[in-house]
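Hi everyone, thanks for coming. Let me put the sequence and structure up, and then we can walk through a few spots together.

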Amino acid sequence: MQKKKLATVWLGGCSGCHMSLLDIDERILDVARLADIVKSPVVDGKEMPEVDITLVEGSVTSDEHYRELIHIRKKTKVLIALGDCAVMTNVTGMRNYFNLKDVFDTAYVHAVSNDGEGQVPDHPSLLKLNEKVQPLHEVVKVDFVLPGCPPDADAIFYVLFEFLNDRVPNLSAVKKLKYG
Ligand code: SF4
């Protein structure tokens, strides 16, 4: 079987899902036999080539995430939402209950500065946060979801290994694994 190309991407998340991915430990060698990891925070690949499988951690919180996710969708055959932030926004979506200005004021003007004189950072290099955080499926077609905060390493390995062997993971088998 020809080696596949694998990418992992970190959008609006805490990196906990990538930490859980690393918890597959020595099974990373099984993954490496079947796939080249061509873009990922763990290999520092910057470009997004055409790939077979992409694991996406985190939700869409900014214009940059939105553009990146659209780009990823065009470049990947199988897009997997990795973890609750990607699947349903989870922690990152908690700000959806408030309007964005109030969130910024609370975080920077009142929390950072006790005298209420703080300033919301404004620099072109900073992310432009969207008014609402979105799960991946509201922006692009998602092929498979793997919930959990974070998903357990065994569940991540199982799902990845099945796709790398051209099989669709069995959701009931995933449920029996401990995740999150
Ligand atoms: S699902 Fe949990 S572990 Fe994964 S990015 Fe979100 S908060 Fe972090």
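Let's start with Val-43, which is partly exposed, at a relative accessible area of 40%. Here buried means under 20% relative accessible area, exposed means over 50%, and partly exposed is in between, with a 1.4 Å probe and protein chains only. A quick word on the background: this is a predicted model, where local features need pLDDT of at least 70, side-chain atom pairs count only at pLDDT 80 or more, and totals for chains, interfaces and linings use all residues. Residues are numbered from 1 along each chain as its sequence is written, and side-chain values use heavy atoms, with hydrogens and water left out.

Back to Val-43: you'll find this residue in the loop between β2 (35-39) and β3. Helices (H or I, at least four residues) and strands (E, at least two) are DSSP runs, numbered from the N terminus.

Now please look at Asp-23, in the loop between α1 (16-22) and α2 (28-34). Asp-23 is partly exposed too, with a relative accessible area of 46%.

As for β5 itself (residues 76-82), 6 of its 7 residues are buried.
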